[in-house]
Amino acid sequence: MCFFIDVILPIPIEKLFTYKVSEKEAAYLKQGMRVAVPFGKKKIYTALVFKVHNKVPELYEAKEIDQIIDSFPIVSETQLKHWFWLADYYMCTIGDVFRAAVPSAFLLESETIITRNNDFSLSESELKDDEWLVYEALQHQAVLSVGEVGAIIGRKNIFPVLKSLLDKQVLYLKEEVYEQYKPKLMKYVRLAAKYSEDGKLENLLNELNRAPKQKEVIMNLFVLEADLKKPVKVKDLERKARASSGVIKSLENKGVLEVYHLQVDRIQFEGKETESSKTLNEFQEKALDDIKEGFRSHDVVLLHGVTSSGKTEVYVKLIEETIAKGKQVLYLLPEIALTTQLIRRLQNYFGEKVSVYHSKYSVNERVEVWNHILTNNSKSQIVLGARSSVLLPFSELGLIIVDEEHETSFKQFDPAPRYHARDAAVVLAMMHGAKTLLGSATPGIESYYNARTGKYALVELNRRYGNVLMPDIELVDIKEKHRKKRMNGHFSDRLMKEIEETLSEGEQVILFQNRRGFSPIVECETCGHSPQCPNCDVSLTYHQYRQQLRCHYCGYHMAEQKSCLACGSTDLNTKGFGTEQIEVELKSLYPEAKIGRMDSDTTRGKYGYEKIINAFEGQEIDILVGTQMLTKGLDFRNVTLVGIMNADNLLNHPDFRAHERSFQLIQQVAGRAGRTKKRGKVIVQTYNPYHQVLQQASMHKYTDMFSDQINERQQYKYPPFYRLIKLTFKNKDYQKLQEAASWFGNSLKNSFGSNVLGPEQPPIGRIRNEYILNVLVKIPPKRSIKEIKVTIQRIKKSFEAIAQYKGVKVVLNVDNY
Ligand code: ADP
Ligand code: ZN
Ligand code: ZN
């Protein structure tokens, strides 16, 4: 009998692939274990075993696997089930999900290894200089990696050299897999075992009287051992004994000390004792009861709690109860920036039971968290993470909390899987028999609709903790202010007066502007030219600080221009403004104040956010200017004023969610003000103070906004009534793109008629030199979304078979947010 395995490859192919294994291997292998397999001409991939069986594949001859990587499954059964659901629902391949889910260290890829040809019989004079260097290195070393060859010849493009050496038969190329994850080892030290015998130790100490430095080290080792009651690190001993590593080394060489290694976790909780959770007030208590009541009849509860109502403390109670039952908790956050504050809060209560999982962590750290979760180790019983943590190997999941559930950053846009983490979380919880709690001060229209119609249970918490009033939101008409000459740059007299008062009280200010950089457009006053990105259909944004013009879509940049590129005039002007400009204006308006800026230009690196958030918390900053990222869930104690520099560019998005989002954004930024005792003040500058949504936001009328929006959604056939699938087509050749997208659009129209819109050019019609066209499929309430997806996939298949459309990319986006 023959044995086979079906595996998932980490590449976008539709089907599982079958490989041949021996009987012994078949008995050893289980679903969820990794194997290295050959694929294509020479490539070796890490694949995941899905099934072991005896069925010979019909269409191709199964190859043998290269090697088995794991001794136990690293992916759980439920996790796999969830991955398949995700691939199916979001119309991508299981390989896409696999690749997105696991830390890259798990996906060992083959590396090209260069080995020497021992039968080589050319005279060295036939080699060029570069070639000779490689040849010589191979005389000392049997194998070289591509990277090493690059280092030897001192340049990146080594392939011409390798090719020539190959032609001359000097070397071979070979593919090999290598393990990326390296356990972190720490050096420890102890006294050699032989000194535990009677008398031996005394002799040693007597002997060492002649070497006082060394004796000092030994004495300190005893002290540390007695103090710590656990292994002593070499580092600690060096510090304690004020000894150099040389002294310890020589004791080691003499056989007095033994140095050994232990594996340690990279992520360690350094904190002290944990504290007990807060006593809830009566409103929080009621909300907690209601949530538990809700869970009795529903799998999902939506907690609609105003900003600063103490939702987090309610979550903490639920977490306590869940982990007491030995279950795992997943706490999803929309933004890495938020983890900084929350991790501290949660660690105060739960100590090292909390782990963080997100992309700013190193690969090695992520592997460790993964392994803890897989084994339900208490160290990762509570996982705090961004969207990709719904893909982790939970085994005993009891509760998922989706905080700020309305946030669109839960949706992944590129690459596939283009999933929504909130929705994927609800499904994941269901598969585990766990519960999901969605929390927000401004729930998404879909979620609130689900709660209103009974699909989710709804719990309301509409009082701020400590009975602080909701912030007072004032709309300031800047058209009027301009007319009356009451503007100073982008600051109205109202905003300035409030800033001055706030600063004089020793309180802090947050200013929100939706754009980074200094100014989105630089325009020539003489000819009207403004510099454009050569690769995208957008103007270049002026960054004064770096003296550059930058494209926010592809990263293209060039030095700031002093004169017009078209006509040479030096009469240049900027249009529109970003965070940098606000910062500059503030510095001249308030030279005494300390001003900080938080946007993606200032928060690069792992601790980028942390530094700014800590500085603001520590009141080293008086006024913090920032983009979206400072609107979300942050809890600052001393902020009493929030300014929104311009609300109009929020409202003017060409998107059916623009109004919902503007409401959420204004309410959320406003929610950062006055979280302790004093009522917060919010100034919203706008050209349209009578706009319905601004009015609703300023009066905290969530349900009014909801009713308006839900009516519009119904009328114009949008979610939650109609579902959306967006197809995006991309190509460098506009003509070809247009023909291709029309063909696809027409095929869709044949099946779905007027529910297909487009092809249509998005507001930015070209990015990275690729033109873009969109087609939108609206799916009516009662139609099976499954069937529609099958039809779309079928059309896509035919499309891909058409030679003249080859190279046109098609991206499918389900529930496009
Ligand atoms: P939300 O998540 O709803 O915006 P938070 O949970 O951040 O609100 O609570 C706002 C502030 O009130 C926090 O600083 C929090 O520590 C404090 N707080 C909330 N509930 C309590 C409580 N029961 N006892 C003491 N402080 C609380
Ligand atoms: Zn010009
Ligand atoms: Zn660009």
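Reply: Contact here means heavy atoms within 4.5 Å. Please note that this is a predicted model.

Me: With that in mind, which residues of α11 meet α12?
Reply: From α11, Gln284, Leu288, Ile291 and Lys292 take part, and they meet Glu313, Val314, Lys317, Leu318 and Glu321 of α12. The residues of this contact comprise four nonpolar, one polar and four charged.

Me: At what angle do α11 and α12 pack?
Reply: Helix α11, residues 282-297, packs against helix α12, residues 311-324, at about 45°, and their axes are 10 Å apart. That angle makes α11 oblique to α12. The crossing of α11 past α12 is right-handed.

Me: Changing topic: which residues come nearest to ligand 1?
Reply: There are 17 residues around ligand 1, and the nearest of them are Thr279, Gln284, Ser308, Asp635 and Arg637.

Me: What is Gln284 doing there, in terms of distance from a nitrogen atom of ligand 1?
Reply: An N or O atom in the Gln284 side chain is 2.8 Å from a nitrogen atom of the ligand. Gln284 is also one of the α11 residues that meet α12.

Me: And which distances involve an oxygen atom of the ligand?
Reply: For Asp635, a side-chain N or O atom is 2.7 Å from an oxygen atom of ligand 1. For Glu313, a polar side-chain atom lies 3.5 Å from an oxygen atom of ligand 1.

Me: Lastly, how do α8 and α9 pack?
Reply: Helix α8 (residues 212-228) and helix α9 (residues 234-241) pack at about 115°, with axes 9 Å apart. Their crossing is right-handed. Their contact residues divide into six nonpolar, one polar and three charged.

Conventions. Residues are numbered from 1 along each chain as its sequence is written. Chains are lettered from A and ligands numbered from 1 in the order in which they are written. This is a predicted model: local features need pLDDT of at least 70, side-chain atom pairs count only at pLDDT 80 or more; totals for chains, interfaces and linings use all residues. Side-chain values use heavy atoms; hydrogens and water are left out. Axes are lines fitted to C-alpha atoms, for helices over the stretch in contact, and angles run from 0 to 180 degrees between N-to-C directions. Helices (H or I, at least four residues) and strands (E, at least two) are DSSP runs, numbered from the N terminus. Angles under 35 degrees count as roughly parallel, over 145 as roughly antiparallel, 65 to 115 as roughly perpendicular and the rest as oblique. A crossing is left-handed if the near helix is turned anticlockwise from the far one by less than a right angle, and right-handed if clockwise. Ala, Val, Leu, Ile, Met, Phe, Trp, Tyr, Cys and Pro count as nonpolar, Asp, Glu, Lys and Arg as charged, and the others, Gly among them, as polar. A residue is near a molecule or strand if one of its heavy atoms lies within 4 Å of it. A polar contact is a pair of N or O atoms within 3.5 Å; within protein, one must be able to donate a hydrogen and the other to accept it, and residues adjacent in sequence count only if both atoms are side-chain atoms.
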